[in-house]
Amino acid sequence: MDLAEMETFYDVMRRQGITRRSFMKYCSLTAAALGLSPSFVPKIAHAMENKPRTPVIWVHGLECTCCSESFIRSAHPLAKDVVLSMISLDYDDTLMAAAGHQAEAALQDTIEKYKGNYILAVEGNPPLNEDGMFCIIGGKPFVDQLRHAAEHAKAVISWGACASYGCVQAAKPNPTRATPVHKVITDKPIIKVPGCPPIAEVMTGVITYMLTFDRLPELDRQGRPAMFYSQRIHDKCYRRPHFDAGQFVEQWDDDNARKGYCLYKMGCKGPTTYNACATTRWNGGVSFPIQSGHGCIGCSEDGFWDQGSFYDRVTDLTQFGVEANADEVGLAAAGVVGGAVAAHAAVSALKNAQRKSQKSKTREEA
Amino acid sequence: MTDRQLLVGPFNRVEGDLELKLDISNGKVSAAYANSPLFRGFERMLLGMKPSDALTITPRICGICSISQSAAAAFGLADAAGAGLAREGEKVATLLHAVENVADHITHFNLFFMPDFARAKYEGRSWHAEAVARFTAEKGSSLHQTVAARAELLHIVGLLGGKWPHTLAIQPGGVTRAPTARDIIRMGASLKAFRKYLEERLFAAPLETFLSLSNSGELESWTSGDAGLFVRIANELGLSEMGEGPGRYMSYGAYPMSTGPLFAAGRWADGVVSPVETEAIREDVSYAWMLGDALHPTEGQTLPDAEMREPGYSWCKAPRLGGQTVEVGAMARQIVDGHPLAVSMATGKGVLGRITGRLIEIARTQIVMEELLASIDVGQRFMDRVVVPENGEGVGLVEAARGSLGHWMKFEDGEIVSYQIIAPTTWNFSPRDASGVAGPVEAALVGAPVDPDEETPVSVQHIVRSFDPCMVCTVH
């Protein structure tokens with residue numbers, strides 16, 4: 001289809017009954033969400049008034065649908081509405097009206113109509129064992145649908161830990177050989193938005209950026225958008241002063257837990273996790289896991305599901321294979337903090353932790 | 001005699017993937033076969049992990065009932081330790097779980113079930129224009145209001161659990177977050193806002209008025225709100241005449257507290273409630289792509305048959321209670337608990353009954369949440385110390401939005417050596433068993449009308465969605 005014939009984002013939004021005033025408000029919200037200065041607001045507005053709408057195909061593989069659930073709960077109902085109407089989810093099998101053959105046809109139509117222009121958003125991943133038969137869509141393995149839909153996509157978004165890294169379903173022994181998207185699709189730009197699930201505002205932020213500026217956001221070495229994944233949870237954590245002061249929760253039910261001390265000794269993975277939880281927070285900015293008194297499990301990092309117990313302390317950063325691939329900046333920072341954490345452990349004579357760390361290593365090697 | 005066969009799938013607006021094989025004769029479904037085409041193997045991955053890791057792994061079975069999974073795991077670990085949640089902690093755990101269940105119910109009604117009535121097939125019906133305006137998939141006014149109301153309600157989970165989905169706050173000894181007096185006020189505001197949504201939109205009447213309906217005759221004249229539109233549609237389309245379940249219902253008892261469950265446990269059949277004998281549960285694998293025998297979940301195994309040999313046709317095992325199928329879900333819970341309207345519709349009401357059960361439960365759960373919140377004493381302990389034994393076994397039984405969920409676990413030397421899960425949709429969408437008895441949905445589909453030109457019969461969609469299947473939980 002000729003691009004000139006396609007509607008602009010603004011056309012679509014007008015058609016959805018969104019007012020000019022709401023549209024401008026949306027542009028401001030977007031700029032804020034993306035960390036851009038107010039001077040970008042007119043640029044965003046201009047882009048949306050003139051650029052053809054970018055169609056999005058959203059497919060689901062081996063997954064739990066938590067990414068969709070997170071997405072439709074974005075904090076700004078306006079942003080969510082606008083993004084939903086903008087991308088129109090040309091094909092989304094969780095939310096769409098059609099079913100059965102109609103749905104299959106809708107997918108095919110969208111691919112044909114927008115060849116080379118659409119973004120493919122993938123939730124979940126393909127299992128490759130037994131020729132992919134552990135996840136069958138319309139009688140065919142999901143991996144076939146994925147390859148087919150990716151062939152003419154402009155870019156691919158890997159939503160969540162499943163699509164980005166494999167997630168818990170890839171936990172040893174990975175019974176179905178659940179495989180991240182980038183290991184199957186190797187000839188398209190892929191943007192990873194990890195987390196289990198990712199934060200809603202991060203999802204809407206990433207997709208808005210791509211639709212508005214028609215390009216991929218700046219990515220880190222792991223392929224994650226730097227604007228949301230460049231900061232360590234530990235560095236932005238409101239409990240950090242307690243870490244620095246050596247004040248820790250020792251048991252779930254102790255007074256220190258009530259006082260909101262640091263959860264490092266309860267296995268918090270904040271020191272090795274890069275995500276926006278500590279700043280953007282969850283469910284409309286009300287809280288995030290550490291604020292609810294439970295340590296971070298590092299769900300936006302590769303391999304978080306196979307690092308020994310979720311309640312083991314972070315004492316040995318070599319356990320976290322992900323650090324080897326992170327940004328050099330991230331690597332350096334993590335190295336320093338790794339040292340600090342190790343020193344802390346030694347000072348507190350955490351023999352128990354060291355034993356645990358040994359044990360998980362053995363398990364890893366086994 | 002079979003006139004033709006239909007293969008229906010992918011099934012959209014259900015959680016996960018589903019495929020149905022239908023035999024059609026004389027314009028009706030004569031046999032149905034439900035296939036759950038997604039297998040991940042959670043029960044196998046858990047082997048060798050530390051018992052407490054089940055708290056993080058099992059919620060990730062499902063993105064919309066993750067708290068149910070986490071609660072079942074926590075109760076199972078507590079059971080193994082011979083302990084329970086701290087008194088105030090169990091209130092917070094219940095509040096977290098109730099929010100998730102009610103959020104699932106309104107999502108199902110508005111986003112998954114009602115959009116089918118906005119289809120072009122129903123053009124010309126007196127209610128069609130109204131259904132289109134309110135329930136067109138992704139666009140209807142009710143959908144938008146629901147998504148906003150739901151996001152606001154889930155702030156409670158955000159506050160108590162840090163994030164949703166995949167909340168980590170529920171532990172064997174209680175919850176990690178002790179709410180402050182300020183939190184209580186804030187959550188009170190969220191609950192008030194949710195009641196407003198229910199009383200202005202879904203029921204458009206006080207919840208107590210809806211709950212005072214005591215039989216299906218009174219329900220038939222309910223006209224207000226989206227519930228009223230549904231009743232009007234159901235009356236006209238005869239939704240009570242399609243999708244009749246097995247007539248046997250089961251509930252493990254919703255929200256197990258030290259004072260007993262808030263919605264009673266039991267098995268209902270022919271008007272009689274008896275205790276659920278969980279030791280009489282067997283998971284039959286005759287028609288599943290699974291190897292092994294029909295076993296109780298404490299002995300159960302998960303051995304997928306890579307060859308996918310016949311007569312297997314699904315990854316789903318077939319759980320049976322005392323050798324029989326049972327229906328689980330909101331309607332089952334409300335019948336077992338004895339709500340008059342639910343009991344009056346226990347048989348012969350098909351799709352209408354199942355949706356009504358969910359509406360009753362939405363209204364009742366709102367009241368439960370308000371009372372719970374008011375009863376929380378912020379000065380008390382919310383977590384007791386619980387040491388999960390290195391060797392032992394435990395059972396966690398809860399009621400997820402879609403019905404009874406059980407986790408059966410065994411540990412040796414601090415590692416999980418057995419972990420079996422039976423999810424609600426495993427019960428409802430099970431394949432046939434050794435004696436050839438069809439699962440509840442398979443049986444409910446028999447008799448569904450199919451027009452000659454229909455490839456994805458709309459009656460089949462109404463029936464399947466009335467069960468609110470969660471296919472990702474089914475096989476896990």
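This is a predicted model: local features need pLDDT of at least 70, side-chain atom pairs count only at pLDDT 80 or more; totals for chains, interfaces and linings use all residues.
Trainee: Why is Asp468(B) called buried?

Mentor: Count its neighbours: Asp468(B) has 26 C-beta neighbours inside 10 Å. The label needs 20 or more, so Asp468(B) counts as buried. You will find Asp468(B) in the loop between α17 (458–466) and α18 (471–475) of chain B.

Trainee: And why does Asn26(B) count as exposed?

Mentor: Asn26(B) has 10 C-beta neighbours inside 10 Å. The limit for exposed is 12 or fewer, so Asn26(B) counts as exposed. Asn26(B) sits in the loop between β2 (19–25) and β3 (28–35) of chain B.

Trainee: What makes the phi of Asn26(B) worth a remark?

Mentor: Most residues other than glycine have a negative phi. Asn26(B) is not a glycine, yet its phi is positive, near 50°. Asp468(B), also not a glycine, has a positive phi of about 50°.

Trainee: How do you know that β6 (residues 248–251) and β7 (residues 266–269) of chain B pair?

Mentor: Pairing takes at least two bridges, and these antiparallel strands have four.

Trainee: What makes the bond from Cys196(A) to Pro197(A) stand out?

Mentor: Most peptide bonds are trans. This one, from Cys196(A) to Pro197(A), is cis, with omega near -10°.

How values were computed: Residues are numbered from 1 along each chain as its sequence is written. Chains are lettered from A and ligands numbered from 1 in the order in which they are written. Helices (H or I, at least four residues) and strands (E, at least two) are DSSP runs, numbered from the N terminus.
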